[in-house]
Amino acid sequence: MNIDERKWEIMFSENDLDKRISELGEEIKNDFKGKNLLVIALLKGSFIFCADLVRKIDLNQLRVNFMTTSSYGDSLSPASKVKVQSDITLKDITSYDVLIVDDIADTANTMAFAINHIKAKNPKSLKTCVLLDKPSRRQVDFIPDYCGFSIEDKFVVGYGFDFEDRYRNVPYIFNVTNELR
């Protein structure tokens, strides 16, 4: 599919994103005040969201780390297995309250894996934050602690969300429709 030939429907503008991320940042700041916060961004999709989010969390003790996962399995199976491609670099996180940040909770297989992986490292506490939540696609029991927007099952691109590893730099989130331009 060539998405440049399809109509793009803007779902969340730059202003929508900035406003909601500011609200999330304030909420997270209030919830983690006085705590030793470690934000773990799941790459690649969350890098833009996470960068904007941590700038909105006004806490001096905040640390950021990264984890890259990959899903694999046959394309005919809806369930996929997840593995760590690159782990966080901190060896001991037992003194941290952890916030795992991802771009989207779709099937939530990746987030469920990441939660279990990080829990095994014994953080003081663990919460999750996603920019977009697609509960209709859920394959595991998961509700994010912090959520930017809940959406229907649509194909979204922009603001970190990619199509064939492109369009991540588009400053808004759009839905690729089936209509031709």
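Q: The backbone nitrogen of which residue lies 2.7 Å from a polar atom of the side chain of Asp-162?
A: In this predicted model, Asp-162 is found in the loop between β8 (156–157) and β9 (173–180). A polar atom of the Asp-162 side chain lies 2.7 Å from a backbone nitrogen, and that nitrogen belongs to Asp-165.

Q: Which residue has a side chain joined to that of Asp-162 by a polar contact of 3.3 Å?
A: Not counting residues up to four places away in sequence, Asp-162 touches Val-157 and Arg-168. The polar contact of 3.3 Å between side chains joins Asp-162 to Arg-168.

Q: Is Asp-162 buried, partly exposed or exposed?
A: The relative accessible area of Asp-162 is 27%. Buried means under 20% and exposed means over 50%, with partly exposed in between. Asp-162 is therefore partly exposed.

Q: How far apart in space are Asp-162 and Lys-44, C-alpha to C-alpha?
A: Lys-44 has its place in the loop between β2 (37–43) and α2. In sequence, Asp-162 and Lys-44 are 118 residues apart. In space, the C-alpha to C-alpha distance between Asp-162 and Lys-44 is 9.3 Å.

Q: Is the peptide bond from Leu-43 to Lys-44 cis or trans?
A: Lys-44 is in the loop between β2 and α2. For the peptide bond from Leu-43 to Lys-44, omega is near 10 degrees, and the bond is cis.

Q: Why is α1 described as oblique to α2?
A: Helix α1 (residues 14–32) and helix α2 (residues 47–56) pack with their axes 8 Å apart, at an angle of about 55 degrees. Angles under 35 degrees count as roughly parallel, over 145 as roughly antiparallel and 65 to 115 as roughly perpendicular, the rest being oblique. The angle therefore makes α1 oblique to α2.

Q: Which residues of α2 make the contact with α1?
A: The crossing of the helices α1 and α2 is right-handed. From α1, the contact is made by Asp-18, Ile-21, Ser-22, Leu-24, Gly-25, Glu-26 and Ile-28. By class, the contact of α1 with α2 has five nonpolar, two polar and four charged residues. The residues that α2 supplies are Phe-49, Asp-52, Leu-53 and Lys-56.

Q: Is Tyr-167 buried or exposed?
A: Tyr-167 lies in the loop between β8 and β9. Although Tyr-167 is not a glycine, it has a positive phi of about 75 degrees. Its relative accessible area is 12%, and the cut-off for buried is under 20%. Tyr-167 is therefore buried.

Q: What is the phi of Ala-108?
A: Ala-108 is placed in the loop between β5 (97–105) and α3 (109–119). At 5% relative accessibility, Ala-108 counts as buried. Ala-108 is not a glycine, yet its phi is positive, at about 75 degrees.

Q: Which residue has a side chain joined to that of Asp-106 by a polar contact of 3.4 Å?
A: Asp-106 is found in the loop between β5 and α3 and is buried, with a relative accessible area of 16%. Leaving aside neighbours within four places in sequence, Asp-106 is in contact with Lys-134, Arg-137 and Arg-138. The polar contact of 3.4 Å joins the side chain of Asp-106 to that of Lys-134.

Q: Leaving aside its neighbours within four places in sequence, which residues are in contact with Thr-110?
A: Thr-110 lies in helix α3. With neighbours within four places in sequence left aside, the residues in contact with Thr-110 are Leu-42, Thr-69, Ser-71 and Val-82.

Conventions. Residues are numbered from 1 along each chain as its sequence is written. This is a predicted model: local features need pLDDT of at least 70, side-chain atom pairs count only at pLDDT 80 or more; totals for chains, interfaces and linings use all residues. Side-chain values use heavy atoms; hydrogens and water are left out. Helices (H or I, at least four residues) and strands (E, at least two) are DSSP runs, numbered from the N terminus. Buried means under 20% relative accessible area, exposed over 50%, partly exposed in between (1.4 Å probe, protein chains only). Contact means heavy atoms within 4.5 Å. A polar contact is a pair of N or O atoms within 3.5 Å; within protein, one must be able to donate a hydrogen and the other to accept it, and residues adjacent in sequence count only if both atoms are side-chain atoms. Axes are lines fitted to C-alpha atoms, for helices over the stretch in contact, and angles run from 0 to 180 degrees between N-to-C directions. A crossing is left-handed if the near helix is turned anticlockwise from the far one by less than a right angle, and right-handed if clockwise. Ala, Val, Leu, Ile, Met, Phe, Trp, Tyr, Cys and Pro count as nonpolar, Asp, Glu, Lys and Arg as charged, and the others, Gly among them, as polar.
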